[in-house]
Amino acid sequence: MMHQCDYCCWYNERYGNCDCPYVMKKLSCDKAKKEKERSEIRIMKSKQVLSIEQMKHLQELGLNTSDASMYWKRVSHGSRIDDKSKGKSYETLPAYTLQDILDKLPTLIIISSDFYKICIEPSCGYWDIYYYKSDATELISKKSENIIDVAYDMLCWCIENGYIKKEGE
């Protein structure tokens, strides 16, 4: 019998344990939990590109993303779930890398006679990206544990505030 679940149907996240009634199920649950933790660690350590949702959000903000250096590729089997056609087609979706985002971010924002430079630095377990003047006055600051996510947040802010041109501008 196959054991199928988030960890398993008996796993109690609140208490972090499994109440499986059978020894074999408990072993399967423990194995599923360890595999989930390992895959989450791999994902957290190796995020190389923005997610499909993040890329769609950038497009909704009006950013032309056709210059992405990488692409998500997914198989499209047909228009319906029960489509039995043998032909496979592929859909490609742009995916920004950290370098793509950094290339988009302005290195300098000028407001009236004030010049704000970009700064990117690690700080106590998270990444900080901010724009600041020579007198250390901050214009905006974004923080995240993952550098690509904080760069994405700053990119969104720059688009929303008109510091990055939208498609057609």
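I started at Ala-95. Not counting residues up to four places away in sequence, Ala-95 touches Val-49, Leu-50, Met-55, Ala-68, Ser-69, Met-70, Tyr-71, Trp-72 and Asp-100. Contact here means heavy atoms within 4.5 Å. I noted that Ala-95 sits in strand S4, residues 89–95. Ala-95 counts as buried, because its relative accessibility is 1%. The cut-offs: buried is under 20% relative accessible area, exposed is over 50%, and partly exposed is in between, with a 1.4 Å probe and protein chains only. I also looked up Leu-50: it lies 45 residues from Ala-95 in sequence, and 5.7 Å away in space, C-alpha to C-alpha.

Ground rules, for the record. This is a predicted model, so local features need pLDDT of at least 70 and side-chain atom pairs count only at pLDDT 80 or more, while totals for chains, interfaces and linings use all residues. Residues are numbered from 1 along each chain as its sequence is written, and side-chain values use heavy atoms, with hydrogens and water left out.

Next, the whole chain. I find 4 helices and 8 strands. Helices (H or I, at least four residues) and strands (E, at least two) are DSSP runs, numbered from the N terminus. From the N terminus on, the order reads β-β-α-α-β-β-α-β-β-β-β-α. The chain has 169 residues, and 30% of them count as buried. Among contacts with a separation of 6 or more, 42% are between residues 24 or more positions apart. The accessible surface comes to about 11900 Å², with 52% belonging to carbon and sulfur atoms. Areas come from the Shrake-Rupley method with a 1.4 Å probe; for residues, only the protein chains shown count as cover.

Then helix H4, residues 147–160. Is H4 largely enclosed or open? It is largely enclosed by the rest of the structure, because 11 of its 14 residues are buried. Trp-157, Met-154 and Tyr-152 are among the buried ones, and so are Cys-156 and Cys-158. I checked what they pack against: helix H2 (52–60), helix H3 (98–104), S5, S7 and strand S8 (138–144). The expected span is 1.5 Å times one less than the number of residues. At the start of H4, a side-chain oxygen of Asn-146 comes within 3.0 Å of the backbone nitrogen of Ile-148. After H4 comes Gly-162, with a positive phi near 80°.

Asp-128 next. I place Asp-128 in strand S7, residues 126–132. Buried or exposed? Asp-128 is buried, at 7% relative accessible area. The Asp-128 side chain makes a polar contact of 3.3 Å with the side chain of Lys-143. A polar contact is a pair of N or O atoms within 3.5 Å; within protein, one must be able to donate a hydrogen and the other to accept it, and residues adjacent in sequence count only if both atoms are side-chain atoms. Leaving aside neighbours within four places in sequence, the contacts of Asp-128 include Cys-119, Glu-121 and Ser-141.

Last, Lys-133. I find Lys-133 in the loop between S7 and S8. Lys-133 counts as buried, because its relative accessibility is 17%. Beyond four places in sequence, Lys-133 is in contact with Asp-114, Phe-115 and Tyr-116.
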